[in-house]
Structures are given as C-alpha cells and as structure tokens.
Amino acid sequence: MTYTTVLSSRVADLNGLQTAWNDWAKEHVLAESQTATGVSMTQTMLGGDRAGEVNASFQWDSIDPAMTGLVALNHSSRLMDLYQSCGVAPLRRSMARVLAQRGTREGQYTSILMCTGDMADEATASSNADTMWDGLSGAANGYAVNQVIAGGEFTGMYALVSWTDSLDAFMEAANTTNSSAPVQQIMSNQNIKFVSRGLSRSL
C-alpha cells in the first residue's frame, strides 16, 4: 500500500513558482525529501472555495518515510526562499492511502471526486477500480481510489482521482460509467454518495 500527501496553498506569483518548479524545484524536492517516490503540482480551476489553490502532491511508500520527508522539505532553505519570493501561503496538508490505481498519473488535467461510503478492503477497492477503469480508460490516462486518513473534515472519505488530457471526453465517460448498472450496484453496496468534485490543471 502506498500513500499520497497533498500540500494546498495560495500563491501570489504563480508564474514564478511554475517556472522554478519546472526548472529545478521538482527535482530538488524529490532529492531533498530522500523518500518521496513521485511528485506533481496542479492548480484547482473549478472546485468551490478551493478554486485557485495550488496543490503539491507527493507519493510515498509508507507513512513514516512521508513524515521524515516532509520534515526534510520544511528544513530546505532553498525551498523556503522560493515560497517567500513567490508568496506561497500554505493552507492545509492531507494524507490518503492509495487503495488501487490503474494507468498512469500523467495528463493535462485532474479530476478529484470526493465521496462518502462504507469501509472497503483492498480487494474490494481493486475490484471496484477494475469496474471503473473499464468505463474510464478510453478517456482517462489513469485512475486511483484513495481514502483520506488525515485531512480535516475529509478524513475517512474516498478521493477518486483521474488523470486525463480532455475533460470533455472524461466527463462524458464518467457520466456514462457512473450511471451503469455495475457502478450503481457498487454505490448501493457501499452506500457511496458524491460530495464534491474539483477539476485541476497540471503545472
């Protein structure tokens, strides 16, 4: 089982942060953390009061290395100087365990659908992911089922994350998939209810 942490911030100079991120900061945080296995940055474009937030997402093998890596990043003077120069104001940091993933974490856009539902083991989550991926794979590059374990009011909820290069195609596929009989049965079995969706662009 792997884990994801997300640092959400407001950013005054987004162009400056994006330039630095692609020039050196992405590689710097991977090296500085020593334990992160992947990292990406997105901006929420549509998502209620979270619109405009910038999200740095990190992947980890387990919780302890995540804690060690986050402490190391907080002590990086180069990273803190970048935050200060670009007016980065952190808002919250959350962690989720990745129950199942299909495809890749690559794409111009990301959809995050937050849901409530009964607890499910990894085998159930994997089976559910297969069902969803059958319907989404033609319009999405990847799909992951996550459960938030430390995230304020979202703790315990499921975060269904999809990566795509076309939100038009993805939303059409998602609507068709979510209304299909197999997915409706999954939602009924686990008492799954949609809470919110955010649409983001990759930086």
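Trainee: How many salt bridges does the count come to?

Mentor: Bear in mind this is a predicted model, where local features need pLDDT of at least 70, side-chain atom pairs count only at pLDDT 80 or more, and totals for chains, interfaces and linings use all residues. Side-chain values use heavy atoms, with hydrogens and water left out, and residues are numbered from 1 along each chain as its sequence is written. A salt bridge here is a side-chain nitrogen of Lys or Arg within 4 Å of a carboxyl oxygen of Asp or Glu. By that rule, the count is three.

Trainee: Which residue meets arginine 50 in a salt bridge?

Mentor: The N to O distance for this pair is 3.4 Å. Arginine 50 sits in the loop between β2 (38-46) and β3 (54-60), and its partner is 103 residues away, in the loop between β6 (142-150) and β7 (158-164); strands are DSSP E runs of at least two residues, helices H or I runs of at least four, numbered from the N terminus. That partner is glutamate 153.

Trainee: Is glutamate 53 buried or exposed?

Mentor: Glutamate 53 pairs with arginine 92 in a salt bridge, 2.8 Å from N to O. Arginine 92 lies in strand β4 (residues 88-103) and glutamate 53 in the loop between β2 and β3, so the pair ties together parts 39 residues apart in sequence. On the cut-offs, buried means under 20% relative accessible area, exposed over 50%, and partly exposed in between, using a 1.4 Å probe and protein chains only. Glutamate 53 has 3%, so call it buried.

Trainee: What is the relative accessible area of arginine 102?

Mentor: Arginine 102 forms a salt bridge with aspartate 130, with the closest N and O atoms 2.8 Å apart. Aspartate 130 is in helix α4 and arginine 102 in strand β4, so the bridge ties together parts 28 residues apart in sequence. Aspartate 130 is partly exposed at 37%, whereas arginine 102 is buried, with a value of 18%.
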